[in-house]
Amino acid sequence: MAFELPPLPYDYDALSPLISSDTLKFHHDKHHAGYVTNLNKLIEGTELANKSLEEIVLATANDSSKAGIFNNAAQVWNHTFYWNGLKKGSAAPSGELAEKIKASFGSLDEFKKQFKEAGATQFGSGYAWLVLDKGELKVVKTPNAANPITNSQTPLLTADVWEHAYYLDYQNRRPDYLETFLNELINWDFVAEQYANAAK
């Protein structure tokens, strides 16, 4: 069963001017769509064709002979997750998630500091993540298409730091993009939902 490109969970201009409609059109309609198309071609007629996206990511993560499948499958997963974690005018986290962030990092500001540093120092392309790891919140970064689920970590939030995610709006100023992401673009309701599901 072929994978389909999931629609954005909002209009192209919903995040403007923080992330422009042009960026969303290129990023979603070209890059994300390209990964979906490539993945379908790569798995057609194979034993992976009827697997879920997560199953494909986990099955190919450490198999160099299937690196192309992993890269495209993980990028489809990562992008879908990234879109759902974005919301303009984001408020601070609340409830159990807010308490857990304070317990894990000391404060929301310290979490933001660590997350921004992870994203800014990821050399080349990749992602910064907030994950749940053995019951504790951690900030991690991954190169290229890599995903924390291959390390038995549960993603709660991600920032895409591939240049196509921010270059039209921020040029080479990745730290500025991350600052805006952390202060104005996180969908904390989505993050709280991921945390609640993982903590069950």
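## Helix packing and backbone geometry

In this predicted model, helix 2 (residues 53-60) packs with helix 3 (residues 67-84) at an angle of about 140°, the axes being 9 Å apart. The crossing of helix 2 past helix 3 is left-handed. On the helix 2 side, Leu53, Glu54, Ile56, Val57 and Thr60 make the contact, and on the helix 3 side Ile69, Phe70, Ala73, Ala74, Val76 and Trp77 do. Sorted by class, this contact holds nine nonpolar residues, one polar and one charged.

Within helix 2, the residues Leu53, Ile56, Val57 and Thr60 are buried. Viewed down the axis of helix 2, the buried residues fall within an arc of 100°, so they line one face of the helix. Their packing partners are helix 1 (21-43) and helix 3.

The peptide bond from Ser16 to Pro17 is cis, with omega near 0°, and Pro17 lies in the segment before helix 1. Two residues have a positive phi although neither is a glycine: Lys134 and Asn144.

| Residue | Phi | Loop | Relative accessibility |
|---|---|---|---|
| Lys134 | about 55° | between strand 1 (126-133) and strand 2 (136-143) | 79% |
| Asn144 | about 55° | between strand 2 and strand 3 (154-160) | 44% |

Lys134 counts as exposed at 79%, whereas Asn144 is partly exposed at 44%.

Technical notes
Residues are numbered from 1 along each chain as its sequence is written. This is a predicted model: local features need pLDDT of at least 70, side-chain atom pairs count only at pLDDT 80 or more; totals for chains, interfaces and linings use all residues. Side-chain values use heavy atoms; hydrogens and water are left out. Axes are lines fitted to C-alpha atoms, for helices over the stretch in contact, and angles run from 0 to 180 degrees between N-to-C directions. Helices (H or I, at least four residues) and strands (E, at least two) are DSSP runs, numbered from the N terminus. A crossing is left-handed if the near helix is turned anticlockwise from the far one by less than a right angle, and right-handed if clockwise. Contact means heavy atoms within 4.5 Å. Ala, Val, Leu, Ile, Met, Phe, Trp, Tyr, Cys and Pro count as nonpolar, Asp, Glu, Lys and Arg as charged, and the others, Gly among them, as polar. Buried means under 20% relative accessible area, exposed over 50%, partly exposed in between (1.4 Å probe, protein chains only). The arc is that of the directions from the helix axis to the C-beta atoms.
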